[in-house]
Amino acid sequence: MQVPLLDLKAQFAPLKDETLRVVAEVLESQACIGGPRVAELERKIAELSGARFGIGVSSGTDAILAALMALGIGPGDEVITTPFTFFATAGCIVRTGATPVFVDIDERTYNMDPALIEDAITPRTKAIVPVHLYGQCCQMDPILTIADVHGLAVIEDAAQAIGATYKGRAAGSMGAMGCFSFYPTKNLGGAGDGGMIVTGDETLKEVLMVLRDHGARPKYYHSLIGGNFRLDALQAAVLLVKLPHLEAWSAARRRNAAFYDKAFAGSNVVTPRIDERCVSIYNQYVIRVPRRDEAIAHLKAAGVGTEVYYPVPLHLQKCFAGLGYEEGAFPVSEKAAREVLALPIYPELTEEMLGYVAEQVRAVAE
Ligand SMILES: *Cc1c(COP(=O)(O)O)cnc(C)c1O
């Protein structure tokens with residue numbers, strides 16, 4: 001049996017006719033940037049996130065970059081984040097000219113450990129960027145309290161967590177700004193790149209709208225140095241077709257996760273731990289197994305797709321050598337990078353496929 005890590009064709013098939021229709025509409029209109037579909041998507045994503053405003057942008061990366069720029073973060077500033085995340089989180093901090101300051105993660109949730117934040121704060125610290133990894137929110141209350149006490153802004157990297165909640169509050173709505181990605185492999189994925197920032201702050205919203213258009217308002221009068229961070233109408237149209245299904249897809253991912261949790265109970269497969277205050281959207285279902293390389297090879301031979309998110313923590317990336325971190329600086333992240341393994345969790349998996357994956361994983365873990 002073949003079980004890929006993700007099967008986007010299975011998701012597209014039932015939506016094909018509707019998607020082709022809306023794509024044709026956009027092409028007929030030849031209004032390809034911004035426009036009513038982008039505005040509608042912004043309204044709907046803001047509503048889903050419990051935030052007042054949505055600002056469509058060109059990617060999750062540009063969402064983070066623009067959010068940092070909107071706060072005026074730049075050279076001489078420090079921004080606290082996790083080293084166990086996708087590159088973009090720290091890459092954007094560096095691109096503003098600021099310095100990322102990493103804190104280690106909690107061993108079971110893989111999210112930033114709030115108990116380590118205060119020690120990382122200096123007079124230069126301007127913001128904290130918690131990352132809701134694999135679809136589970138960080139412990140936001142302690143993070144927000146620390147930010148409040150020290151006068152720091154919080155930007156949520158919610159690229160993997162659209163629709164996830166913490167104590168009933170939606171990912172993206174808890175900090176000053178929340179950043180989403182519509183990269184095709186995310187839970188709400190476009191037909192290419194796209195992203196969105198949500199915020200409850202009207203001033204930030206206005207700044208972000210200007211920043212995404214090269215800082216121009218009106219056109220050709222530049223009060224700020226922004227970028228081309230705009231969202232295409234085609235992406236918005238495709239995403240609007242998918243959005244009504246997001247909740248059911250996330251529920252299906254949770255159902256699949258429950259299947260695996262049960263199947264791995266009593267084995268030496270370490271399953272994901274979801275905090276009781278959180279509802280995860282399982283962008284990934286990540287286990288730990290002894291001897292990961294052997295496990296990957298066995299699963300590959302058995303036709304099961306897997307992936308390692310992420311094999312090198314950011315403080316050990318070559319391009320960040322200048323930050324001066326050594327191996328051993330963040331032992332929990334380093335251990336996770338050696339042991340984690342993502343299994344297929346996408347909504348369209350059948351029980352037969354789940355059973356097959358579970359059986360193969362159990363076999364290799366024993
Ligand atoms: C995907 C991702 C991003 C970047 O989003 P893009 O849309 O690919 O630019 C940023 N942070 C995290 C945690 C992500 O998973």
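Me: How many salt bridges are counted between domain 1 and domain 2?
Reply: The model is a predicted one. The domain assignment gives domain 1 (8–244) and domain 2 (246–365). Between domain 1 and domain 2, the count of salt bridges is two.

Me: How far apart are the closest N and O atoms in the salt bridge that K335 forms with E107?
Reply: A salt bridge requires a side-chain nitrogen of Lys or Arg within 4 Å of a carboxyl oxygen of Asp or Glu. For K335 and E107, the closest N and O atoms are separated by 3.3 Å.

Me: What area is buried between domain 1 and domain 2?
Reply: In this interface, 46 residues of domain 1 are in contact with 38 residues of domain 2. Carbon and sulfur atoms give 60% of the buried area, which is about 3600 Å².

Me: Which residues of domain 1 lose the most area to domain 2?
Reply: Together they account for 20% of what the domain 1 side buries. These residues are R108, Y134 and N187.

Me: Which element gives the most residues to the largest nonpolar core?
Reply: The largest nonpolar core has 40 residues, and L41, I45, I80, I117 and I128 touch the most other members. Elements giving two or more residues to this core include α3 (36–48), α7 (140–150) and α9 (233–242). With four residues, the element that gives the most is α7.

Methods:
Residues numbered from 1 in each chain as written. Predicted model: local features only at pLDDT ≥ 70, side-chain atom pairs only at ≥ 80, totals over all residues. Heavy atoms only, no water. Core = buried A, V, L, I, M, F, W, Y, C linked by side-chain atoms within 4.5 Å. Buried < 20%, exposed > 50% of the residue type's maximum accessible area, 1.4 Å probe, protein only. Domains from an automatic or database assignment. Contact = heavy atoms within 4.5 Å. Buried area = accessible area lost by both parts, 1.4 Å probe.
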